[in-house]
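Visitor: I have a model to go through with you. Can we take the side chains one topic at a time?

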Amino acid sequence: MFPSYKTIFITLLTLLLLVVIGAFVRVSLKLNTVRAEEASDNLLIYFRHLIDREKANALFLSVALSDNKSLKDALIEGDEEAGYRILIETLDKLKTYTFIKDVRTQIITQDLDIFARSWENESFAGMPLEGFRADLQRIRRIQKPKVSIDPGRLLTIKATTPFKNGAELIGYIEAIKTFDEITLYLRKKGIELLVLMDNRYLDIATLMRDNPTLGDYVVSNRNYNSVVTSVLESYADRIAKNRYFMSDDYLHVVDEMRDSAGERIGYYLLTIPKMKMVHFENREEQISFFLRLSKDDLYDVVNSWEQGNGSYKNMYDKEFIRLLESVDEAQRAKFDEEARAILKGYTREELINIILQKRYVRQKEGKIR
């Protein structure tokens, strides 16, 4: 017996509803995927900008200290106590007048032994670093300032500049930043950061052997979010396989971490609540602009070191006066006070040369229209 028209109608209507619901689900899933991809891309761009800024700050400090005559004299004379004292005094001064806060510095001899450290007393003087720091062998060869993230006894951002007395290499000056400051900065923006070093580097990273682990990785930033870490324990196998992935409440974005030789040494893992994804959508143009600026900062610092001091007496004076153009009003008074103290040590002829050289550089860098 043939089915009634009513039965046919209900059947067709049910099939149509299923098709519509299926299409709606597919479109929603596709839209969510597009949103997640866009948010993760922009989050990565933003994070890479911040990492480059951290590198530029460390490199600036390393380059600025590389021309400190008192430190050079202490190293040449082998006076470790004086080296430690001058390093502390100089670093305190830079922290007072510049944007550089969470940073350590150390002087390394030509033979790659510790000469002085800002965070430990002179009892560590003479300790060899060659076995812990393969990256120092590379800077021995290139003889230029470099900044990188390399495993040592701790995993940190290290900016190293050759320390020279004239043309003679006498050692290295190094600025070191942990990931704690950038972790706190990102947290204020609603982003949690995990810095994950591959556990095969624990034979070098002796001070990290008691750190918590996540799968095959060691958590390298001390102020990590333990709630996020516990969520990620069930997803540890996805870190090396996915550019991003979702848990119940979070979007997790993965970025490779590489050392100065280009070898992958671990991953950065950025986590935001799903409800905050909208804040990282449709911002690519703005974030890309800042990324370009941070890359330029790194090139400018190295170029400054290569071109010498010009009319300035040393690299510190040159870099400090250059900062005056970018300092905000809130910090202006402190900067002006230090700048006046620096410039009072110059003769009238030297000041004229600085002004003329500055004007020439500006004209040379201007665009031809």
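Guide: Start with His-252, whose side chain makes a polar contact with the side chain of Thr-271 at 2.9 Å. A polar contact is a pair of N or O atoms within 3.5 Å; within protein, one must be able to donate a hydrogen and the other to accept it, and residues adjacent in sequence count only if both atoms are side-chain atoms. The model is predicted: local features need pLDDT of at least 70, side-chain atom pairs count only at pLDDT 80 or more, and totals for chains, interfaces and linings use all residues. Residues are numbered from 1 along each chain as its sequence is written, and side-chain values use heavy atoms, leaving out hydrogens and water.

Visitor: Is His-252 buried or exposed?

Guide: His-252 is buried, at 0% relative accessible area. Buried means under 20%, exposed over 50%, partly exposed in between (1.4 Å probe, protein chains only). His-252 sits in strand 10, residues 250–258. Strands are DSSP runs of E, at least two residues; helices are runs of H or I, at least four; both are numbered from the N terminus.

Visitor: Salt bridges next. How many does a search of the whole structure find?

Guide: The search finds 12. The criterion is a side-chain nitrogen of Lys or Arg within 4 Å of a carboxyl oxygen of Asp or Glu.

Visitor: Which residue does Arg-222 meet in a salt bridge?

Guide: Asp-180, at 2.5 Å, N to O. This pair links distant parts of the chain, 42 residues apart: Arg-222 is in the loop between strand 8 (217–219) and helix 6 (226–232), Asp-180 in helix 5 (180–188). Arg-222 is exposed at 62%. Asp-180 is buried at 12%.

Visitor: And Asp-73 with Lys-69, how far apart are they in helix 2?

Guide: Four residues, so about one helical turn separates them. Their salt bridge is 3.0 Å, N to O. Lys-69 is exposed at 58%, while Asp-73 is partly exposed at 28%.

Visitor: Which residues are linked with Lys-177 in a network?

Guide: Glu-54 and Glu-181, through salt bridges. The Glu-181 to Lys-177 bridge is 2.9 Å, N to O. Lys-177 is buried at 2%; Glu-181 is partly exposed at 28%.

Visitor: Backbone now. What is phi of Leu-112?

Guide: Near 70°, a positive value in a residue other than glycine. Most residues other than glycine have a negative phi. Leu-112 lies in the loop between strand 1 (104–109) and strand 2 (114–117). Leu-112 is buried, at 0% relative accessibility.
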